[in-house]
Amino acid sequence: MPLRTRIALFVGVATLLLSVIFVIQVVVSVRVTDQSARRDMTVLIEAMWQNHVDDESAVEEEIASRIRRDVELLNAVFQQRPDAVLERMDAGGLSEGRAVIILDQQLAPIYTNLAHVPPAYFRDTISRMVRTSDTEGFAQLDMGGGSTTYRLKIVPLRFRFSVVGYAIVATPLSRIVSYFDQGVELNAKLLAAGADGVPPEADFVGEGTALIPLTDGFTHGRVLGFLAVSNEVSAELRQTRWLQWLTGGLVVVFVGHLLGGLVWMVKRAFRPLDAAIDVIDRLTRGEEAPPLDTSTGTIEIQRLSKAVEALRAAHANQEALHRLQAELAIASELQQALLPRGPLLSEGVAFHGQMVPSQEVAGDYFDYFTIDDRRVGFLIADVCGKGTPAALFMAMSRTVVRSLAMTGRPPGEVLAEANRVLAESNDQNLFVTMFYGIFDRVEHLLLYANAGHVSPILKSGDGEVAYLPETGDLVLGMIPDLTYATVEMPLAPRSLLVCYTDGIPEAFDDSDSQFGDERLMMLVRQSPNRDPAELMQELQTAVLDFAGRRPQYDDITLCIGSFPG
């Protein structure tokens with residue numbers, strides 16, 4: 001008997017035996033107890049409920065994402081303008097039938113699409129639920145219409161590297177259950193939890209009812225209620241299932257004899273396909289997978305193998321991108337930690353500064369510090385280029401200059417020594433522009449040196465504005481053994497000094513027009529603000545409003561000081 005005949009006979013007999021076993025199994029399966037059937041139905045109901053909740057979570061996530069991607073809305077929250085927030089929410093149609101509440105940093109509501117206002121104790125309740133990252137889950141809240149169980153999504157709203165408020169997207173649990181009941185048609189009902197979270201004793205809760213506990217997602221698993229769903233398996237359903245299984249078994253017997261002989265040939269022909277599927281499974285689990293032979297199998301399988309190899313390369317590139325993004329996020333946090341954590345206030349002298357990077361990491365920085373009992377130092381700098389190399393060079397130059405400045409040496413000597421150190425270790429041929437100044441409170445004298453940086457704007461007490469005299473000295477880090485001049489000048493009482501980087505005058509709007517030095521000088525001259533923090537906020541708002549939707553091209557950095565009268 002030929003080998004292929006014996007194989008076909010073997011496959012046929014084996015298929016027949018498997019078919020008989022399958023039919024017997026079907027007959028036995030119809031005799032399973034109702035308890036087993038209900039258990040299976042309960043698992044299915046819980047899976048359908050979880051899928052329904054996941055779908056609702058995806059809708060809430062979409063609404064929350066659209067809110068925190070709306071720059072104008074975030075700016076309105078940042079500036080505490082409820083009318084602008086209302087306008088953006090109405091214009092964007094962000095609520096989509098859900099309850100949406102926007103809170104400020106103090107958790108006070110500044111927008112809600114509800115017909116009633118949250119009660120006074122709403123802030124205390126929410127304060128125990130907000131986090132620095134997204135949170136979601138079931139919770140029992142009173143939003144002004146009585147205590148109700150909701151499916152919540154709470155997201156922090158970040159703007160300019162800080163949390164300016166929070167967005168709450170909430171869907172009443174009763175609404176979710178209603179839609180779920182319409183979808184599954186299993187008489188789903190929402191029941192309140194009994195004492196200590198135990199299931200309620202009600203006529204609706206019987207032997208044929210599945211109870212799904214609904215736990216509080218913001219506490220330690222407190223049970224808020226139960227979803228009761230009927231899981232009765234009717235006699236008609238059991239009979240239909242038995243007939244289906246029996247028919248399927250007969251079909252298996254008939255078709256198995258026809259297809260059994262092809263099993264071996266198909267398995268042999270599609271062996272490369274099995275290898276490709278194994279590689280895909282391993283890549284899905286994040287495991288290493290062996291390379292595929294793209295020269296075997298049919299033309300279609302060869303094409304599939306090549307596609308899998310391309311998928312492997314794309315998977316590796318995606319993992320590398322995720323690692324890079326994580327590293328950049330860490331680098332951004334570390335860079336922000338190098339900047340002053342707050343203003344400098346010392347015997348009438350006040351310095352405020354802020355940096356808004358154009359990328360994950362920046363090349364700008366500023367600093368201010370107390371040198372001794374009578375002197376205060378301050379500086380602002382801009383490293384050439386953008387991204388990680390500029391950020392690393394910024395960190396190195398900041399460390400060098402800060403350590404030299406604390407010795408109390410004149411600004412020209414500090415920059416000359418810093419230039420020598422940076423030039424000796426500058427393998428990337430980067431450079432940094434820097435303005436470094438010292439204010440003597442006793443002499444009311446300003447001493448400064450400028451290494452190729454834009455000249456700060458000085459506003460006197462009577463409102464006159466002018467640029468500080470330029471020194472003509474070169475940037476730091478390129479040529480060693482340079483000297484830098486120290487300029488001394490007295491400061492009039494109530495003077496303001498505005499130090500900035502070129503990201504402000506070189507900001508562009510949608511029509512490719514620059515913000516410009518003249519516009520900046522005019523804003524400083526016309527502004528009535530004498531407080532550095534308020535003037536800084538006014539200038540930054542003017543630049544951002546000028547740019548509009550145009551992406552930020554360069555880092556925007558300000559360091560403003562006021563001096564005693």
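Biologist: Which side chain does Arg374 meet in a salt bridge?
Modeller: Arg374 meets Asp440, at 2.9 Å from N to O (a salt bridge is a side-chain nitrogen of Lys or Arg within 4 Å of a carboxyl oxygen of Asp or Glu). Arg374 sits in the loop between S11 and strand S12 (375-383), while Asp440 is in strand S13 (residues 432-440), so the pair ties together parts that are 66 residues apart in sequence. Helices (H or I, at least four residues) and strands (E, at least two) are DSSP runs, numbered from the N terminus.

Biologist: What should I know about the model itself?
Modeller: It's a predicted model: local features need pLDDT of at least 70, side-chain atom pairs count only at pLDDT 80 or more, and totals for chains, interfaces and linings use all residues. Residues are numbered from 1 along each chain as its sequence is written, and side-chain values use heavy atoms, leaving out hydrogens and water.

Biologist: Back to that pair. Is Asp440 buried or exposed?
Modeller: Asp440 is buried, with a relative accessible area of 9%. Arg374 is partly exposed at 31% relative accessibility. Buried means under 20% relative accessible area, exposed over 50%, and partly exposed in between (1.4 Å probe, protein chains only).

Biologist: How many salt bridges does the structure hold?
Modeller: It holds 20. As a general point, side chains of opposite charge can pair when their charged atoms come close.

Biologist: What does Glu61 pair with?
Modeller: Glu61 forms a salt bridge with Lys153, and their closest N and O atoms are 2.7 Å apart. This one links distant parts of the chain: Glu61 is in helix H2 (residues 34-68) and Lys153 is in strand S4 (residues 147-158), 92 residues apart.

Biologist: And how accessible is Lys153?
Modeller: Lys153 counts as buried, at 6% relative accessibility. Glu61 is partly exposed, at 24%.

Biologist: Which residues are linked in the network of salt bridges?
Modeller: Glu60, Glu61, Arg68, Asp134, Glu136, Arg151 and Lys153 are linked in it.

Biologist: New topic: helices. Which residues are buried in helix H12?
Modeller: In H12 (residues 517-526), they are Leu520, Met521, Leu523 and Val524. Looking down the axis of H12, its buried residues fall within an arc of 160°, so they line one face of the helix. That arc is taken from the directions from the helix axis to the C-beta atoms.

Biologist: Why would they end up on one side?
Modeller: An α-helix has 3.6 residues a turn, so residues three or four places apart point the same way. On the other side of H12, Glu518 and Gln526 are exposed.

Biologist: What do the buried residues of H12 pack against?
Modeller: They pack against strand S15 (457-459), S16, strand S18 (496-500) and helix H13 (532-547). Contact here means heavy atoms within 4.5 Å.

Biologist: Where is Ser455, and what does it contact?
Modeller: Ser455 lies in the loop between strand S14 (445-451) and S15. It counts as buried, at 7% relative accessibility. Leaving aside neighbours within four places in sequence, Ser455 is in contact with Asn450, Tyr467, Leu468, Glu470 and Tyr500.

Biologist: What about Pro357, where is that?
Modeller: Pro357 is in the loop between strand S10 (349-356) and strand S11 (364-370). Pro357 is buried, with a relative accessible area of 7%.

Biologist: Last one: how many helices and strands are in the chain?
Modeller: There are 13 helices and 19 strands. Buried residues make up 42% of the 565 residues. Of the contacts with a separation of 6 or more, 65% are between residues 24 or more positions apart.
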